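Please keep the model open while reading.

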Amino acid sequence: MSDQDSSRSETFDGDLTGQPHPPPRPRAADPFPSTLAAARARIRARLGDVTPTGDDPRRDRAAEDADLVAAIARGEVDALERLYDRYGALVFSVSLRVLQDHHLAEDVVQEVFHRLWRQPTSFDPARGRFISWMMSVTRNRALDELRRRNRRFRSEERDEDPERE
């Protein structure tokens, strides 16, 4: 490779055919700037309550959740409402996935948050994050409900068919 070839390869600004790239096209203006900006503002406003600030969002969220559980222990209903707003849909979706029954999943959500209200000290921040604890309680409660439902069906089947025994 000659000196002339190496200098060309350093300044090459094209494709493999040796043709230069066309200049970049200017971006088209946003057709609905006010609508898009308003939508972004609404989304950011909604996320303001659930998007923590700081370097590690999980640590901020975990600390805030622990503070909310401590507030529940002091009897502050607003803290329970905030945790319900934050995790109610997640608790429902986990329950629904386990139970495959919309009404039973709603019952599990109610029982999980009722337990949190009555026994907030059952969550220990030293043992882990609140969301992990909440998902564990939710899963266990949903499995308990599933077992109860299965026992009830087996019991009803025995009552209907006494010859099976």
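Is Trp133 buried or exposed? Trp133 is buried, with a relative accessible area of 16%; buried means under 20% relative accessible area, exposed over 50%, and partly exposed in between, with a 1.4 Å probe and protein chains only. The model is predicted, so local features need pLDDT of at least 70 and side-chain atom pairs count only at pLDDT 80 or more, while totals for chains, interfaces and linings use all residues. Residues are numbered from 1 along each chain as its sequence is written, and side-chain values use heavy atoms, with hydrogens and water left out.

**Overall fold**

The chain has six helices and zero strands, in the order α-α-α-α-α-α along the sequence. Helices (H or I, at least four residues) and strands (E, at least two) are DSSP runs, numbered from the N terminus. Of the 165 residues in the chain, 22% are buried. The accessible surface of the chain is about 12800 Å², and carbon and sulfur atoms account for 50% of that; the areas come from the Shrake-Rupley method with a 1.4 Å probe, and for residues only the protein chains shown count as cover. Among contacts between residues at least 6 apart in sequence, 51% join residues at least 24 apart, a contact being heavy atoms within 4.5 Å.

**The aromatic cluster**

Trp133 is located in helix 6. Leaving out residues up to four places away in sequence, Trp133 touches Leu116, Ser122 and Phe123. Trp133 and Phe123 are 10 residues apart in sequence, and their C-alpha atoms are 6.9 Å apart in space.

The structure holds five aromatic pairs. One of them joins Phe123 and Phe130 edge-to-face, at 5.4 Å centre to centre and 90 degrees between the planes. Rings of Phe, Tyr and Trp (its six-membered ring) pair if their centres lie within 6.5 Å; planes under 30 degrees apart count as stacked, over 60 as edge-to-face and the rest as tilted. Phe123 is buried at a relative accessible area of 6%, and Phe130 is buried at 1%. Ring pairs link Tyr87, Phe123, Phe130 and Trp133 into a cluster.

**Helix 5**

Helix 5 covers residues 102-118. Its 17 residues should span 24 Å at 1.5 Å a residue, and its end C-alpha atoms are 24 Å apart, which agrees; the expected span is 1.5 Å times one less than the number of residues. The buried residues of helix 5 are Leu104, Ala105, Val108, Val109, Val112, Phe113 and Leu116. Seen down the helix axis, these buried residues fall within an arc of 170 degrees, so they line one face of helix 5; the arc is that of the directions from the helix axis to the C-beta atoms. An α-helix has 3.6 residues a turn, so residues three or four places apart point the same way. On the other side of helix 5, His103, Gln110 and Arg118 are exposed.

At the start of helix 5, a side-chain oxygen of Asp101 comes to within 2.9 Å of the backbone nitrogen of His103. Gln100 lies in the loop between helix 4 and helix 5. The phi of Gln100 is near 60 degrees, a positive value in a residue other than glycine. Most residues other than glycine have a negative phi. Gln100 is exposed, with a relative accessible area of 64%.

| Residue | Helix | Relative accessible area |
|---|---|---|
| Arg86 | helix 4 (residues 77-99) | 12% |
| Gly88 | helix 4 | 7% |
| Arg141 | helix 6 (residues 130-160) | 15% |

The side chain of Arg86 makes a polar contact with the side chain of Asp65 at 2.5 Å. A polar contact is a pair of N or O atoms within 3.5 Å; within protein, one must be able to donate a hydrogen and the other to accept it, and residues adjacent in sequence count only if both atoms are side-chain atoms.

Gly88 touches Leu83, Val109 and Phe113, not counting residues up to four places away in sequence. Gly88 and Gln110 are 22 residues apart in sequence and 9.1 Å apart in space, C-alpha to C-alpha.

With neighbours within four places in sequence set aside, Arg141 is in contact with Val108, Glu111, Val112 and Arg148. Val108 and Val112 are among the buried residues of helix 5.
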